[in-house]
Amino acid sequence: MKDVQDNAHKELISLWEKQNTKGLRNEQLMQLYASAFGAIERRCSATLSSITINVVIDRVLHLGAKKYPFFSLLTIEPSGLNFKRLIQKNENYKSEELRNGLNYFLAEFLTVIGHITSEVLSESLHKELREVIRENVLNGHELQRGDE
Amino acid sequence: MKEKKQDERILTGVRNLDEVLSGGLPVGNITVLAGTPGSGKTILSQQIAFYNASPKKRVLFFQTLSEPTAKTLRYLKHFSFYDPQKMEDGSIEFIDLGEILRSEGIEEAIELIMSHIKRVKPAIVIIDSFKVFADLAKSNQELRKFSYEIAINLMAWECSTLLLGEFNSQDLETNPLFSIADGIITLKHHAESGEEQRFIQVVKMRGTNHSRDEHTFLISNSGLEVYAPRVTIRRLPLLDRQTKGSGPVRAKMGISELDSLLGEGIPYGSSILVSGAAGTGKTLLLLEFIYNGAIKYGEKGIFFSFEETTERLITNAKSMGWDIEREIEKGNIEIVFIAQTDILVEKHLLMMKEKIEKLNAKRIAVDSVSIFVHKVIDPQVVREKIFQLGTIIQNAQGIGLFATDIPYGTNQISRFGVEETIVDGVIILSSEEIASKRERFIEIYKLRNTTHLDGKRRIQIKKGGIVIMNNHVSGPVIKPRGENEYFTS
């Protein structure tokens, strides 16, 4: 049962990525994920305390840090997770590594929140993610040639 | 409607405790184990730890100031659940927080706890004792903050947690620690039925339909054993042969003319009280019932004796010409002797259940129920225990004969005055001095759902067994089968 729901988070993120991340540069990808996570975090904070959300973020970052060293640039602040340093530094991350890392972070966050709340928030969080569309987020950002 | 799934559980590995918890501890719950020193908290938590620990399901056991870790480890080795391999491969880690608590205080303790949790990623966290934090906190506010933070961290890391402490009933209502607890289990000991006994009670356990009763438990070198007959002995639906008519529904006793008195026989699943004063032949009737079951009807039988030792019962049987030893060797009969002084009602009820099930016994003798429950003072508890005994018989679809002593010269038909209301039938054995000779009698006093012959009849005890005489004192003469004037009580 737990595995089925865990997979549901992963499947949704894969679908969302497929629809939104094709051809994005690293910077745009980070921007998109920052926006997606921001939306999810806002929805979470309507129900959960900021301490809870931050502790879950801390857990996910801690567990993924070895595989994705760039996680150390994501900072937890009282207002939530901050992508600023990651985006600003904009090192020449391997695109696939960056994509996998951000995917892992989002999937693990949804999974842990799902586990500790018996999945009662999962549907709302999925809805938030589905509503994050690249055109809205990246408005004003230059899209790569060939996109759309 | 969508069926709700039960949350994942952690089994405790403690006999009958998972039944009390209705399936174990919910994964991710914070459970407080509260009790006085020596009540068994540490042993219970260690038992749960060793039962669950594996390289994939690691356990962190934090020791605070209450007991030095070295001491805990030394005593741990005496228990059979202790597995050194689980400590060697890191499945269980014991960590002493005493030093940091003494020198730095509780804020730093959280950081240390969390650093270990991040390192080990445990499935189970145990803090022994958590009460130390309450003692060290400078204010209730600090304690509340500490509790909240640790609860959130443990939740986010999906740790199932046991917090141990010497908490009393007042603490349960006022201590801020309890606001974070999903579950509270109390352990205590007090005198009951003339003996100091240990009790465990699940006061609260979110997400479970747990038993709220106090249950007795013992601590041996296997750890805790909980006895919870209210939970584990429940009447099952009637078996097929009762509901669908397959197989024999009624049993024959195989004793002299007793079957003629009993009409069509005793329904399987029945419990019959055999009451009588000392020397009226109760033990012999029970023994013959068991022996005849094995040799005449191929039914296995078990004799629970709280008075006569196994050796004396075998000698008595031999003097009657019954080779009961051979039936014991063949595995058809089992005699279980429990000395009066060793009786622990709840423990032995479960033992009886298990032995009956293991042997697949269809004939069960208890000699006597009056001795079995003699330490119990409350008539309601006597009633409950005899009902549970009857439930064991019914679930086994056997026939149970329960001997009970009645005092001379009274009109009572049972020792406690409640037994006869629970059982399905009562056979009274009595004796009287007639013309300077002591005569023995038998009477079917009550038998639910069964036609039987009324009246009191002489019996004699001869080599070969009990003989029921036809020269009745009262009631109709026993006629050949099918011609008797039976009635239903």
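Start with strands β10(B) and β11 (residues 223–227) of chain B, which run antiparallel and are joined by five bridges. Strands here are DSSP runs of E with at least two residues, helices are runs of H or I with at least four, and both are numbered from the N terminus. Two strands count as paired if DSSP finds at least two bridges between them. This is a predicted model, in which local features need pLDDT of at least 70 and side-chain atom pairs count only at pLDDT 80 or more, while totals for chains, interfaces and linings use all residues. Residues are numbered from 1 along each chain as its sequence is written, chains are lettered from A and ligands numbered from 1 in the order in which they are written, and side-chain values use heavy atoms, with hydrogens and water left out.

Stay on the hairpin. Two residues lie between β10(B) and β11(B), and Ser220(B) has Gly223(B) in β11(B) as its bridge partner.

Next, select β9 (residues 195–205) of chain B, which runs antiparallel to β10 (residues 214–220) and is joined to it by four bridges. Ile200(B) stands opposite His215(B) of β10(B). In the loop between β9 and β10 is Asp213(B). Asp213(B) is partly exposed, at 29% relative accessibility; buried means under 20% relative accessible area, exposed over 50%, and partly exposed in between, with a 1.4 Å probe and protein chains only. Leaving out residues up to four places away in sequence, Asp213(B) touches Ile200(B), Gln201(B) and Arg230(B), where contact means heavy atoms within 4.5 Å. Draw a C-alpha to C-alpha distance from Asp213(B) to Ala228(B): it is 8.9 Å, for a separation of 15 residues in sequence.

Move to Thr12(B), in the loop between β1 (9–10) and α1 (17–20) of chain B. Thr12(B) is buried, with a relative accessible area of 0%. Its side chain reaches the backbone nitrogen of Val14(B) at 3.1 Å. Beyond neighbours within four places in sequence, the contacts of Thr12(B) include Leu25(B), Ile48(B) and Tyr51(B).

A cavity is a set of points on a 1 Å grid over the protein atoms alone where a 1.4 Å probe fits but cannot get out; lining residues have an atom within 4 Å of a point. The volume of the largest cavity is about 70 Å³, a volume being the space filled by probe spheres set on the points, which are joined across faces, edges and corners. β7(B) gives the largest share of this lining, three residues. The structure holds two cavities of 30 Å³ or more.

Now check some backbone angles. Most residues other than glycine have a negative phi, and most peptide bonds are trans. Glu158(B), not a glycine, has a positive phi of about 55°; it lies in the loop between α8 (140–156) and β7 of chain B and is buried at 19%. Asn360(B) has a positive phi of about 60°, in the loop between α16 (345–359) and β17 of chain B. The bond from Asp128(B) to Ser129(B) is cis, with omega near 10°, and the bond joining Asp367(B) and Ser368(B) is cis with omega about 0°.

Finish at helix α13 (residues 282–297) of chain B. Of its 16 residues, 13 are buried. Just after α13(B), Gly298(B) takes a positive phi of about 65°.

Methods. Expected span 1.5 Å × (residues − 1). Polar contact = N/O pair within 3.5 Å; in protein donor to acceptor, adjacent residues only side chain to side chain. 1 Å grid on protein atoms, 1.4 Å probe; cavity = no way out; pocket = protein on both sides within 12 Å on 5 of 7 lines; lining within 4 Å.
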